[in-house]
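Work through the exercises below with the structure open beside you. Try each task before reading its solution.

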Amino acid sequence: MNIGFIGAGSMGSLLIEAFIIAEAIEPHQIYVSNRTYAKAEALAYKFPGLHALEHNTDIALNSDIIFLCIKPHEFAKVISEIKPLLRPNQLIVSITSPVLLSHLERELNCHIAKMIPSITNKMWSGATLCIYGSRIDQESQTKLEKLLAYISEPIRIEEDFTRVVSDISSCGPAFFSFLLQQFVDAAVEETGISREGAMVIASNMLLGTGLLLTEGGMTTEDVQKRVAVPGGITARALAMLKTDTTGIFNNLIRTTHAKYYEDVEQVSAQFDKEEVSEQ
Ligand SMILES: NC(=O)C1=CN([C@@H]2O[C@H](COP(=O)(O)OP(=O)(O)OC[C@H]3O[C@@H](n4cnc5c(N)ncnc54)[C@H](O)[C@@H]3O)[C@@H](O)[C@H]2O)C=CC1
Ligand SMILES: O=C(O)[C@@H]1CCC=N1
């Protein structure tokens with residue numbers, strides 16, 4: 001089975017590296033193209049046997065599964081390029097939420113899926129969100145999930161919830177890194193503790209909390225209850241946090257969704273334009 005990647009930026013190259021290191025795929029099974037060819041070439045240099053190709057059309061010709069690891073506004077152009085070469089038994093996987101299954105199924109006559117990765121997949125952890133089109137068969141779904149399971153927990157979701165689940169799974173690492181940074185910066189500012197030392201402790205705390213909430217079988221309420229000794233220090237700080245953070249995550253989710261709807265609109269207009277320019 002040959003796997004193609006169009007786009008070798010942050011996420012494309014992360015997925016390629018994670019799959020190779022996890023021994024999910026061998027380098028010789030991988031075909032990569034990127035607008036700046038040097039990025040694909042660098043991967044071929046790092047992983048001997050991997051095929052760096054100059055044209056997206058060559059990815060379409062050589063791959064059974066093609067991951068489209070490009071930004072939403074780059075899709076319409078790439079799809080119009082590869083469309084004439086695709087075969088019905090190929091599986092096309094978009095890794096971005098604002099490109100809808102309907103956009104892809106309208107244009108392409110192959111199996112279509114969306115798979116939203118997370119930076120956590122670099123460490124073979126976190127989820128990959130799987131959203132399937134109407135034409136994809138069971139065999140292709142199984143094939144995709146078997147591959148993703150090497151580096152993540154594949155989780156099937158409905159397209160309507162893609163944005164909010166991506167907020168948690170894919171944007172979440174950035175949000176919680178930001179909050180951790182704020183926590184450490186405040187510790188440095190208020191007490192003069194070394195930043196490096198505080199960051200190591202804070203990062204391990206986050207990892208340990210994640211383990212308690214997953215393998216440890218605890219809920220977020222359990223963790224708070226066990227840590228906040230009645231009448232103690234954590235309880236007082238938690239009461240302050242409850243007041244001071246009211247509504248911030250509602251606001252965050254409204255913000256991501258507003259941007260998402262803007263992107264969907266822009267992508268739809270671009271697909272309509274590509275269709276017109278083909279006639
Ligand atoms: N960064 C993240 O944590 C996550 C990103 N995503 C999605 O992944 C997609 C890619 O994101 P990143 O890798 O972070 O962006 P990026 O900007 O690092 O990578 C995009 C790559 O696509 C290449 N490219 C652009 N136009 C092209 C074309 N016509 N042909 C071939 N290559 C082309 C660019 O040269 C670049 O290397 C986005 O749509 C994003 O929504 C999804 C989940 C998580
Ligand atoms: O910021 C973005 O647009 C992408 C989507 C999920 C994570 N990063």
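Two strands count as paired if DSSP finds at least two bridges between them. The model is a predicted one.

**Exercise 1. Find the sense of pairing and the number of bridges for β1 with β2, β4 with β5, and β5 with β6.**

Step 1. Strands of a sheet pair through backbone hydrogen bonds, either parallel or antiparallel.
Step 2. Take β1 and β2 (residues 30–33). They pair in the parallel sense over 4 bridges. I3 stands opposite I30 in β2.
Step 3. Move to β4 (residues 65–68) and β5 (residues 91–94). They run parallel and are joined by 4 bridges. I66 faces I92 of β5.
Step 4. Go on from β5 to β6. Again 4 bridges join the strands, which run parallel. L91 has H111 in β6 as its bridge partner.

**Exercise 2. Decide whether the two faces of β1 and of β6 are buried or exposed.**

Step 1. Set the cut-off. A residue is buried if 20 or more other C-beta atoms lie within 10 Å of its own.
Step 2. Apply it to β1 (residues 3–6). I3 and F5 on one side are buried, and so are G4 and I6 on the other. Both faces are covered.
Step 3. Conclude. Because 6 of the 6 residues of β6 are buried, the strand is largely enclosed by the rest of the structure.
Step 4. Look for a covering helix.

**Exercise 3. Describe the shell around ligand 1: how many residues does it hold, and of which classes?**

Step 1. Count. The ligand is surrounded by 27 residues, the closest being G7, G9, M11, R35 and T96.
Step 2. Assign elements. α1 (10–21) and α4 (75–82) each give two or more residues. The largest share, 3 residues, comes from α1.
Step 3. Sort by class. The shell has 11 nonpolar, 11 polar and 5 charged residues.

**Exercise 4. State where the domains lie and how far apart their C-alpha centres are.**

Step 1. Read the bounds. Domain 1 spans 3–157 and domain 2 spans 169–252.
Step 2. Take the separation. The C-alpha centres lie 35 Å apart.

Definitions and conventions: Residues numbered from 1 in each chain as written. Chains lettered and ligands numbered in written order. Predicted model: local features only at pLDDT ≥ 70, side-chain atom pairs only at ≥ 80, totals over all residues. Domains from an automatic or database assignment. Near = placed C-beta within 6 Å. Nonpolar A, V, L, I, M, F, W, Y, C, P; charged D, E, K, R; others polar. Buried ≥ 20, exposed ≤ 12 C-beta atoms within 10 Å, placed from the backbone.
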